[in-house]
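Please open the structure in a viewer and keep the selection tool at hand.

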Amino acid sequence: MSASVITVETQEDLSHKLIIQQPSVGLSLQGSIRVPGDKSISHRALMLGALAQGETEIQGLLLGEDPRSTASCFQALGAEISELNTELVRVKGIGLGNLQEPVDVLNAGNSGTTLRLMLGILASHSGRFFTVTGDRSLRSRPMSRVVKPLQQMGAEIWGRKGNSLAPLAIQGQALKPTHYHSPIASAQVKSCILLAGLSTEGQTTITEPAISRDHSERMLRAFGADLSTDPESKSVTINGPAQLYGQKVIVPGDISSAAFWLVAGAIVPGSELVIENVGVNPTRTGILEALDLMGADIQLENQREVAGEPVADLRVRSSRLKSCTIAGEIIPRLIDEIPILAVAAVFAEGTTIIRDAEELRVKESDRIAVMAQQLNKMGAKVTELPDGMEIIGGTPLAGTDVDSHTDHRIAMSLAIAALVARGITTIHRAEAAAISYPNFTATLQQAIG
C-alpha cells in the first residue's frame with residue numbers, strides 16, 4: 001500500500017486502538033465520500049414520527065449509537081419503529097399525548113440530544129411517570145439548562161445534584177405556556193421547550209442570545225405544528241396544543257461528519273475530495289465560514305433542497321491555511337466542529353483564537369481540555385482558555401499515543417491530525433467514533449486508497 005498504514009486492534013476490555021502510520025512516500029486524499037445521515041435530523045425524525053398520527057418514512061437515517069438510543073426509548077414509550085437502516089425506516093406514531101408509561105427506566109445511552117429533547121416531551125404527558133438515565137458520561141452532563149425552564153412551565157422533575165443530573169424522574173403534568181429567555185444559544189434547550197409546548201395550551205416562546213440550529217423548527221412545521229420565528233428578536237413561538245401527522249423524511253449527510261474530510265482535504269498536501277449530499281442548513285454552516293476565513297479551498301456544487309433542508313456537494317482541495325479568530329455569534333453554528341477546527345488551526349500560519357465556546361467543557365468530554373492535551377502530546381502549541389483555545393500554527397506534529405476520552409469527535413479529530421504527523425500515532429478508545437460515524441475508519445482507508 002502506497003498510503004499510510006491503518007490498523008485497528010481490539011483490547012481485552014473490547015476498546016479499540018486505531019493505529020495510523022504516515023507512509024514513507026507522499027500521502028494525498030482523493031475521491032468521493034458519502035458521510036452518514038445528519039444526527040440532529042435523525043433524532044428529530046424518530047421523535048416526531050413517534051408523536052405523529054399515521055406513519056413516518058425515514059430515508060438516510062444515521063445508524064450511530066445515539067439515534068439507536070432515541071429509537072429504543074420511543075419504542076419503550078409505545079411507538080412502533082422498524083429495524084433501523086439507511087434505506088427506509090418506518091415509524092408508526094401513536095399521536096401526541098398518547099405515550100405509554102414505560103415499565104422500565106428509559107436509557108438515553110451517550111446521547112444528550114435524546115435525553116434533553118425527550119424531557120420536554122415526557123414532562124408534558126400528564127398523569128404518567130417516567131425515569132430516564134444514560135451512560136456514565138451522560139450522567140455527568142448538566143440537565144439543569146432544560147429542567148429549569150420546564151419547571152417554570154410547571155414540570156415536576158427530580159434528579160441528583162439539585163435536579164441537574166441523571167438519573168431523572170418525571171411526573172407528567174399539564175404545563176402552562178411560558179416565554180423563556182435562554183442565557184445560552186442551544187438547539188437542545190430550544191427544542192426541549194418547543195416540544196413541551198406542543199401539548200401546552202397557548203403560546204410558548206423561547207428567545208436566544210444568538211440563533212442556534214433550526215432543524216426542530218423546520219421539521220415541526222413539516223409535521224403540521226403551528227410555529228413562527230422572529231429572526232430579529234431571535235425568538236421562536238409554538239402554538240399548542242398541536243397535532244402532528246406522519247411525513248416522508250429524507251436525511252441529508254451530516255455536515256459535522258463532513259467537517260473531518262473538509263479539514264483533511266485542506267491540510268493533506270495534494271488532496272482533492274468531494275463530500276456528497278451534505279446538509280448545508282445556514283444554522284449549521286459555521287464550519288464553512290470558519291474554513292473560508294482560514295483560506296480553505298472549498299466549493300459548494302449541485303446545490304438543491306431535499307425535504308425542506310438545503311443540500312450540496314462539497315469539493316475541497318488542499319491549500320495553505322492562515323490563522324483567524326473564531327468567536328461570537330458563529331459559535332452556536334459550529335460548536336460540534338471546534339475539535340476538528342483546532343486541528344486545522346495547528347496547520348495554519350499564525351495564531352488562531354477560539355473564544356465563547358465554554359459549552360465545549362460539558363460535552364461528551366471537556367473538549368477544550370482534551371483537545372489541548374492530546375494535540376500538545378503530538379507537538380502542537382495549544383493553550384487552554386476558559387472558553388476556548390489559543391493555537392499557534394506551523395509546528396510539525398509527531399506520532400505518539402493519544403486518547404479519545406471516549407468522545408467520538410475527539411477520536412476522529414485526532415485521526416485526521418495523525419495523517420500529517422511523522423511516524424506512528426496510536427489513538428486509544430477509538431471505538432467512540434461509532435457514536436456518530438460507524439464506518440469512519442473504513443471511509444478513511446477508502447480516501448487514502
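A residue is called buried under 20% relative accessible area, exposed over 50%, and partly exposed in between (1.4 Å probe, protein chains only). This is a predicted model, in which local features need pLDDT of at least 70 and side-chain atom pairs count only at pLDDT 80 or more, while totals for chains, interfaces and linings use all residues. Residues are numbered from 1 along each chain as its sequence is written, and side-chain values use heavy atoms, with hydrogens and water left out.

**Aromatic rings**

Select F260 and F440, which are both buried. Rings of Phe, Tyr and Trp (its six-membered ring) pair if their centres lie within 6.5 Å; planes under 30 degrees apart count as stacked, over 60 as edge-to-face and the rest as tilted. The whole structure holds four aromatic pairs. One of them joins F260 and F440 edge-to-face, at 6.3 Å centre to centre and 70 degrees between the planes. This pair links distant parts of the chain, for F260 belongs to helix α8 (residues 255-267) and F440 to helix α13 (residues 440-448), 180 residues apart. Helices (H or I, at least four residues) and strands (E, at least two) are DSSP runs, numbered from the N terminus.

W261 is in helix α8, and Y437 is in the loop between β28 (424-428) and α13, 176 residues apart. Both W261 and Y437 are buried. Together, F260, W261, Y437 and F440 form one aromatic cluster.

**Salt bridges**

Next, select R90 and E57, whose side chains meet in a salt bridge (2.7 Å, N to O). R90 lies in strand β6 (residues 89-92) and E57 in strand β4 (residues 55-59), so the pair ties together parts 33 residues apart in sequence. Is E57 buried or exposed? E57 is buried, with a relative accessible area of 17%, whereas R90 is partly exposed at 35%. The term salt bridge denotes a side-chain nitrogen of Lys or Arg within 4 Å of a carboxyl oxygen of Asp or Glu. By this rule the count comes to 30 salt bridges.

Move to R361 and D366, where another salt bridge is found (2.9 Å, N to O). R361 is partly exposed at 26% relative accessibility, and D366 is partly exposed at 25%. Finally, select R141, R213, D336, K363, E364, R367, D407 and R409, which salt bridges with shared partners join into one network.
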